[in-house]
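Let's take a friendly walk through a protein model. Have a look at the sequence and the structure first, and then we will go through the parts together.

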Amino acid sequence: MSSERQIHVGSVPIGGGAPVAVQTMTKTETADLPATLAQISRVAEAGADLVRVAVPRERDAEALKTIVAESPIPVIADIHFNHTLAIKALRAGAHCVRLNPGNIGGPEKVAEVTAVATELGTPLRVGVNSGSLPEHLRELEFENPVEALVTAATETVELMERLDFRNFKVSMKSTSVPNTIASNRLLAERIPYPLHLGVTEAGTKWSGSLKSAVGLGTLLADGIGDTIRISLSTFHAEEEVKVAWEILKALKLRQRGPVLIACPTCGRLQFDMDSVVAEVERRLQAYDDPIEVSVLGCAVNGIGEARHADFGITGAKDAGMIYSKGKPIRKVETGKLVDRLFEEIDKYYERGKVVEFDEAAAAEAAEWLAANEDATAMTPERLAAMEKAAANGRSAEANGAPGPSARLDEAESPVAGRRFTRA
Ligand code: SF4
């Protein structure tokens with residue numbers, strides 16, 4: 001349920017079924033051109049589709065001309081309180097201007113901005129913040145903050161429509177995750193315009209990422225939201241972009257770069273997996289392809305849940321194994337696992353995404369796996385296979401034949417003494 005309407009911020013479509021656009025905001029003083037352009041270049045490199053810059057002063061609006069000309073991605077000017085700066089930003093070529101009509105000085109001033117935006121064909125982002133709702137909604141905010149936010153946003157939309165301006169997206173910002181979810185769900189039902197999602201002032205990299213993942217992830221999983229910004233207390237705007245991408249990748253809404261899968265480790269681990277995972281993650285940053293790479297801390301479960309990974313390693317104290325799509329490639333001494341893994345990945349790309357298996361090396365790896373695997377452990381795959389076999393058995397028994405479920409109950413049940421291991 002993407003928004004019905006679509007707008008374009010520069011070349012980037014927002015809403016109407018377009019991929020969810022990732023945006024962030026620079027942390028530099030906008031008029032400091034070298035710093036701002038360097039940060040824009042870093043966020044674009046990290047995968048930002050759009051970048052927003054604060055425009056609180058005349059010199060920032062002036063700097064926009066150069067920023068727009070040199071930025072590799074469309075630029076949104078962020079304006080508060082001053083409608084003449086909004087007009088200057090539009091005239092400077094900003095691809096979109098963000099303003100909250102509630103704090104810009106009244107409908108007449110909003111009308112002056114929409115007149116220029118219409119003339120230039122530039123979209124606006126309009127919205128409301130939970131911290132600055134209009135006076136007449138203060139009581140409602142106390143009783144029902146979600147309804148107050150949604151009412152303020154719909155009043156803003158009605159104002160834009162009265163001004164005959166429809167080239168806009170809407171945002172409703174709250175520091176509360178439940179209110180962000182509830183208000184955007186309500187608003188998505190009430191208006192056809194694209195929605196910008198964000199949890200405002202989410203917090204540090206750690207807590208802010210989690211709050212954003214829960215809030216935005218819930219909405220995105222419902223199909224709500226057309227562009228997202230992760231607000232983190234960091235000077236490194238590219239960190240916000242990376243978190244946004246992880247949320248979109250986790251929901252399989254967009255793909256960008258490799259996906260790393262790693263087991264959580266447990267008492268069976270016999271090597272320094274923390275360093276190995278960190279090194280694999282670091283080296284994967286050099287690849288653009290959405291290749292899936294898995295790191296398992298031991299072979300007790302076999303290749304288990306990493307069976308679908310394009311490449312993976314599973315380690316032990318002295319030796320480990322590299323595999324692809326569940327098939328062993330070679331046994332490698334533990335200290336060389338990461339180097340050999342990346343050699344295999346590079347060869348795979350050189351051959352046009354083909355994995356070649358050397359028979360002798362694969363046999364040695366399979367032998368190592370068999371020696372290290374615990375074939376009696378109740379892995380999720382084995383449990384699923386057993387459940388399937390039991391279900392088949394039940395239907396066979398219903399037809400009068402002795403089925404495997406009886407054998408399963410007696411011989412393979414965890415309560416019959418088998419170990420139960422889940423990664
Ligand atoms: S049992 Fe699972 S979680 Fe524990 S080290 Fe092995 S793969 Fe990792």
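Which helices and which strand each supply at least two residues of the lining of the largest pocket? They are helix 1 (33–46), helix 9 (237–250), strand 11 (259–262) and helix 10 (273–284). Helices (H or I, at least four residues) and strands (E, at least two) are DSSP runs, numbered from the N terminus.

This is a predicted model, in which local features need pLDDT of at least 70 and side-chain atom pairs count only at pLDDT 80 or more, while totals for chains, interfaces and linings use all residues. Residues are numbered from 1 along each chain as its sequence is written, and side-chain values use heavy atoms, leaving out hydrogens and water.

**The pocket.** The largest pocket holds about 1,100 Å³ of space. Its lining has 25 residues, and Glu246, Lys249, Arg256, Gly257 and Pro258 lie nearest the centre. Helix 9 gives the most to this lining, with six residues. (On a 1 Å grid over the protein atoms alone, a pocket is an open set of points where a 1.4 Å probe fits, with protein on both sides within 12 Å along at least five of seven lines; lining residues have an atom within 4 Å of a point. Points are joined across faces, edges and corners, and the volume is the space filled by probe spheres set on them.)

Eight strands form a closed barrel in the order 3-4-5-6-7-8-9-10, with parallel pairing. Two strands pair if DSSP finds at least two bridges between them. Here are two pairs:

| Strands | Sense | Bridges |
|---|---|---|
| Strand 9 (residues 195–197) and strand 10 (residues 227–229) | parallel | two bridges |
| Strand 11 and strand 12 | parallel | four bridges |

Leucine 197 stands opposite isoleucine 228 in strand 10, and valine 259 stands opposite glutamate 292 in strand 12. Strand 12 (residues 292–296) is largely enclosed by the rest of the structure, because five of its five residues are buried (under 20% relative accessible area, with a 1.4 Å probe and protein chains only). Glu292, Ser294 and Leu296 point one way from strand 12, and Val293 and Val295 point the other way.

**The cores.** A nonpolar core is a set of buried Ala, Val, Leu, Ile, Met, Phe, Trp, Tyr and Cys residues joined through side-chain atoms within 4.5 Å. The largest one has 72 residues, and Leu64, Ile79, Val97, Leu124, Phe168 and Val170 have the most contacts inside it. Helix 6 (residues 145–162) brings the largest share of this core, nine residues. Apart from it lies another core of 33 residues, including Cys263 and Met321.

Conventions:
Buried < 20%, exposed > 50% of the residue type's maximum accessible area, 1.4 Å probe, protein only.
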